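Biologist: I'd like to learn how to read a model like this one. Could you take me through it feature by feature?

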Amino acid sequence: GAGGSLNVELGGTAAGDYDVLQVSGTATLAGALNRSYLSYTPATGDSLTVLTYGSRSGTFGSGTDANSLALVYGATALNLLKTSGAANTWALTVGGDWNTAANWSLGHVPTSTEEGVVGDLGGTPTITLASSAPTAGAFRFFGDETFQLNSGGTLTVSGASSMGAGSTLHINGGTLTMNGALSTANLTLSSGTLTGTGAVTVNTAMNWSGGTQSGTGTTTVAA
């Protein structure tokens, strides 16, 4: 309930190094999630799955954490994430428009001092961008989502970013300027431009049927 708390100890990112609560049915969340550390200081990008569930209602309302890890709620799990800047998390349980302020936890589209974080929404939803967005510090997708830039969509990303094991970055128009490294499972370039100074790593497959790549960055497709 609202007056209750869940306390987790975090000693690293490997299995067994941190507490995990598994709920087979519905997890009804409220109250505090308190995080304490056992000779462990999280590095940027560290992610720990501390709660799994069949379904979820509610969120934790507060809690103590010396390292201010972001709470990233997905369809079946809660991850704690050390972000490169302030965490601005996707507020929907489905896909939608990246450039809609109400779709984000901070009430605005991610900015240059923030990391846009999308939890594993379940399935393969699409988040689209078809207009000019502010420069983002970084972005991170946890699940199998597609991030699709359509005609008119422009986004510059300054920091290291990543997408999940079944994810797809689809440049279908517009321009994505990656000035930080990016790791994605799949890359589809059918129109528009992928540019920037960052190194893009494609871990599964790349489909290039149109559009252009430019800039001083590199694109590497895993063998």
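Biologist: Let's start with the pocket: which strand gives the most to the lining of the largest pocket?

Modeller: Strand 5 does, with three residues. A pocket, on a 1 Å grid over the protein atoms alone, is an open set of points where a 1.4 Å probe fits, with protein on both sides within 12 Å along at least five of seven lines, and lining residues have an atom within 4 Å of a point. Strands are DSSP runs of E, at least two residues long, while helices are runs of H or I with at least four, all numbered from the N terminus. Before going on, a caution: this is a predicted model, where local features need pLDDT of at least 70 and side-chain atom pairs count only at pLDDT 80 or more, though totals for chains, interfaces and linings use all residues. Residues are numbered from 1 along each chain as its sequence is written, and side-chain values use heavy atoms, with hydrogens and water left out.

Biologist: What volume does the largest pocket have, and which residues lie nearest its centre?

Modeller: The volume is about 340 Å³, meaning the space filled by probe spheres set on grid points that are joined across faces, edges and corners. Its lining has 18 residues, and Arg56, Tyr73, Trp90, Leu92 and Thr93 lie nearest the centre. Strand 4 (47–58) and strand 5 (70–73) each supply at least two of the lining residues.

Biologist: How many residues of each class are in that lining?

Modeller: There are 10 nonpolar, six polar and two charged residues. Here Ala, Val, Leu, Ile, Met, Phe, Trp, Tyr, Cys and Pro count as nonpolar, Asp, Glu, Lys and Arg as charged, and the others, Gly among them, as polar.

Biologist: Zooming out, how many helices and strands does the protein have?

Modeller: Zero helices and 19 strands. The radius of gyration is 18 Å, close to the 17 Å from the globule rule for 223 residues, so the protein is as compact as a globular protein of that length. That radius is taken over C-alpha atoms, and the rule is 2.2 Å times the number of residues to the power 0.38. Along the principal axes, the C-alpha atoms fill a box of roughly 55 × 35 × 30 Å.

Biologist: And what share of the residues counts as buried?

Modeller: 45% of the 223 residues. Buried means under 20% relative accessible area, exposed over 50%, and partly exposed in between (1.4 Å probe, protein chains only). The accessible surface comes to about 9,300 Å², with 49% of it belonging to carbon and sulfur atoms; the areas come from the Shrake-Rupley method with a 1.4 Å probe, and for residues only the protein chains shown count as cover.

Biologist: Now single residues. Is Val117 buried or exposed?

Modeller: Val117 counts as buried because its relative accessibility is 1%. You'll find Val117 in strand 9 (residues 114–118). Leaving out neighbours within four places in sequence, Val117 has contacts (heavy atoms within 4.5 Å) with residues including Trp90, Trp104, Arg140 and Phe142.

Biologist: Where is Thr146, and what does Thr146 contact?

Modeller: Thr146 is in strand 12 (residues 146–150), and with a relative accessible area of 15%, Thr146 is buried. Beyond four places in sequence, Thr146 is in contact with Pro125, Thr126, Ile127, Thr168 and His170.

Biologist: On to loops. Which loop holds Asn67, and is Asn67 buried or exposed?

Modeller: Asn67 is in the loop between strand 4 and strand 5, yet Asn67 is buried, at 19% relative accessible area. Not counting residues up to four places away, Asn67 touches Tyr37, Thr41, Pro42 and Lys82. Ser68 is found in the loop between strand 4 and strand 5 too, but Ser68 counts as exposed because its relative accessibility is 58%.

Biologist: What is phi of Ser68?

Modeller: Near 50°, a positive value in a residue other than glycine. Ser39 likewise has a phi near 50°. Ser39 is found in the loop between strand 3 (32–37) and strand 4, and Ser39 is exposed, with a relative accessible area of 84%.

Biologist: Last one: where is Gly211 found?

Modeller: Gly211 is in the loop between strand 17 (200–208) and strand 18 (212–213). Gly211 counts as partly exposed because its relative accessibility is 34%. Setting aside neighbours within four places in sequence, Gly211 contacts Leu189, Ser190, Ser191 and Gly192. From Gly211 to Ser57, 154 residues apart in sequence, the C-alpha to C-alpha distance is 42 Å.
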